[in-house]
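Reader: I'd like to go through this one with you piece by piece, beginning with the charged contacts and moving on from there. Could you keep the answers plain?

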Amino acid sequence: SSSSDDGTISGATWSTDTPSKARKAVRDDKASLSFDGSDDYVSTTVDVDTTADFSGSVEVTPSSTTQINDAVIMTDTGNDIGLHYSPTTKGISFVHWNEALTKFLASDSIPIVVGKTHIYTYTYVSATKVMTLYRDGMVVGTDTLTGTPKQNANTIDIGATSGEARPFNGIINNARVWSAALTATEVSDMYLKGKVPQTGLLFEY
């Protein structure tokens, strides 16, 4: 972790998978965390203001296409603002909410594939309320939030919520969150050149 919080691993195990080309570009890790889709998760003490600019990025390798509905990849534990598996598209979605509890989705329409690794990055621009989801540096989904955005009420979890709700089945690596809205160029450079933006970087695992 780049913050003072190293996270608490509950059940997830270190995988000795071979680094993908995508991961080598970002950081040459030779291990990542494997989540069993049952009760594995990582809890943190990191909070992010979801009414302001923010971004997140994570490398995902699904182990099954039969995921629990709305399985958590990385989200806050209170308002479910973050990256989820979408039961509608069988792809990945960036989820945000407004204070009226209306759900907004920037979704990838391409279904997940077992064993296929992708880097998903999501951004929220508070001035325009535009949500953007990127897969491997390219835009794959957008949405525009209306009303007042809901404030994150809890800290960030990875792989499931700390109550072991909606666990993800697969491998997760290089999870990062920023208190800034990454630009399209920053997202592309992170994927293609391994240049991780440091401004506003709250943590990386």
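Reader: Which side chain does R135 meet in a salt bridge, and what is the N to O distance?
Author: This is a predicted model, and in it the side chain of R135 meets that of D108 in a salt bridge, at 2.6 Å from N to O. R135 belongs to strand β11 (residues 130–135) while D108 sits in the loop between β9 and β10, so the pair ties together parts that are 27 residues apart in sequence.

Reader: Is D108 buried or exposed?
Author: D108 is buried, with a relative accessible area of 1%.

Reader: How many salt bridges does the structure hold?
Author: The structure holds five salt bridges. One of them is formed by D80 with R166, where the closest N and O atoms are 2.8 Å apart. D80 lies in the loop between β6 (72–76) and β7, and R166 in the loop between β13 (156–158) and β14 (169–178), so this pair ties together parts that are 86 residues apart in sequence.

Reader: And how do D80 and R166 count, buried or partly exposed?
Author: D80 is buried, with a relative accessible area of 15%, whereas R166, at 21% relative accessibility, counts as partly exposed.

Reader: What about the helix, which residues of α2 are buried?
Author: In helix α2, which spans residues 184–193, the buried residues are V187, D189 and M190. They cover an arc of only 165 degrees around the axis, which puts them on the same side of α2. The face turned away from that buried side carries the exposed residues T185, L192 and K193.

Reader: Which residue does K193 meet in a salt bridge?
Author: The side chain of K193 meets that of D189 in a salt bridge, at 3.7 Å from N to O. Because K193 and D189 are four residues apart in helix α2, they are separated by about one helical turn. K193 is exposed, with a relative accessible area of 55%, while D189 counts as buried at 16% relative accessibility.

Reader: What happens just after α2?
Author: Just after α2 comes G194, which takes a positive phi of about 75 degrees.

Reader: Changing topic to the rings, how many aromatic pairs are there?
Author: The count comes to four aromatic pairs. In one of them, F54 and Y122 have ring centres 6.4 Å apart and planes at 75 degrees, so the pair is edge-to-face. F54 lies in strand β5 (residues 54–62) and Y122 in strand β10 (residues 118–125), so the pair ties together parts that are 68 residues apart in sequence. F54 is buried, with a relative accessible area of 3%.

Reader: What is the geometry of the rings of F54 and Y124?
Author: The ring centres of F54 and Y124 are 5.6 Å apart and their planes stand at 35 degrees, so that pair is tilted. Y124 counts as buried, at 0% relative accessibility.

Reader: Which residues do the ring pairs link into a cluster?
Author: The ring pairs link F54, F94, Y122 and Y124 into a cluster. F94 stands opposite A106 in β9.

Reader: And strand β8, how many of its residues are buried?
Author: Strand β8 (residues 91–97) is mostly covered, with seven of its seven residues buried. It pairs with β7 (residues 82–86) in the antiparallel sense over five bridges, and β8 also pairs with β9 (residues 103–107) in the antiparallel sense, over five bridges. β8 and β9 form a hairpin with five residues between them, and L101 in the turn has a positive phi of about 65 degrees.

Methods:
Residues are numbered from 1 along each chain as its sequence is written. This is a predicted model: local features need pLDDT of at least 70, side-chain atom pairs count only at pLDDT 80 or more; totals for chains, interfaces and linings use all residues. Side-chain values use heavy atoms; hydrogens and water are left out. Buried means under 20% relative accessible area, exposed over 50%, partly exposed in between (1.4 Å probe, protein chains only). Helices (H or I, at least four residues) and strands (E, at least two) are DSSP runs, numbered from the N terminus. The arc is that of the directions from the helix axis to the C-beta atoms. Rings of Phe, Tyr and Trp (its six-membered ring) pair if their centres lie within 6.5 Å; planes under 30 degrees apart count as stacked, over 60 as edge-to-face and the rest as tilted. Two strands pair if DSSP finds at least two bridges between them. A salt bridge is a side-chain nitrogen of Lys or Arg within 4 Å of a carboxyl oxygen of Asp or Glu.
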